[in-house]
Amino acid sequence: MTRIPLRVTGDDRTFSLEPGQSLLEAAMAQGLALDHACGGVCACSTCHVRITRGLAAFSEPSEDELDQLDEARGTGLDSRLGCQARLERPPAEGTVEITIPAWNVNAVREGHG
Ligand code: FES
């Protein structure tokens with residue numbers, strides 16, 4: 001299946017995403033740091049991302065996901081859990097772009113610093 005280009009704000013690399021794959025799966029497979037404290041079972045909100053391009057191509061969020069996002073900081077209408085948002089179809093925009101909220105990135109850096 002066609003791989004869709006995936007860009008991350010502030011990161012010069014171009015990643016990719018396959019239809020059916022979650023953002024967390026794609027991140028882990030390609031060395032993109034995306035926190036996932038609960039291991040990807042929708043029980044935390046550390047994998048929160050904002051999908052700034054291509055959002056409509058992803059699976060609909062479940063009630064559980066929306067509950068977790070209520071707990072997350074810096075959320076908006078384009079917020080998703082990286083472990084739950086699966087690409088369902090090629091996006092009309094041709095690419096997917098995400099932003100990993102700054103406080104998440106900081107938490108990761110502090111954890112390794
Ligand atoms: S990794 Fe915990 S909800 Fe996604």
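Pro-5 sits across from Ser-16, a residue of strand S2. Both belong to a predicted model, where local features need pLDDT of at least 70, side-chain atom pairs count only at pLDDT 80 or more, and totals for chains, interfaces and linings use all residues. Residue numbers start from 1 along each chain as its sequence is written.

Pro-5 is part of strand S1, residues 4-8; strands (E, at least two residues) and helices (H or I, at least four) are DSSP runs numbered from the N terminus. S1 pairs with S2 (residues 14-17) in the antiparallel sense, over four bridges; pairing takes at least two DSSP bridges between two strands. Five residues lie between the strands of this hairpin, and Gly-10 takes a positive phi near 85° there.

S1 has another partner: S5 (residues 96-99) runs parallel to it over three bridges, with Val-8 opposite Ile-98.

Now look at the side chains. In a regular strand they alternate between the two faces of the sheet. Buried means 20 or more other C-beta atoms within 10 Å of a residue's own, with C-beta atoms placed from the backbone.

Next comes the largest nonpolar core, with 22 residues, where Leu-23 and Ile-98 have the most contacts. Such a core is a set of buried Ala, Val, Leu, Ile, Met, Phe, Trp, Tyr and Cys residues joined through C-beta atoms within 7 Å. S1, S2, helix H1 (23-29), strand S3 (48-53) and S5 each supply at least two of its residues, and H1 gives the largest share, four.

Technical notes
Buried ≥ 20, exposed ≤ 12 C-beta atoms within 10 Å, placed from the backbone.
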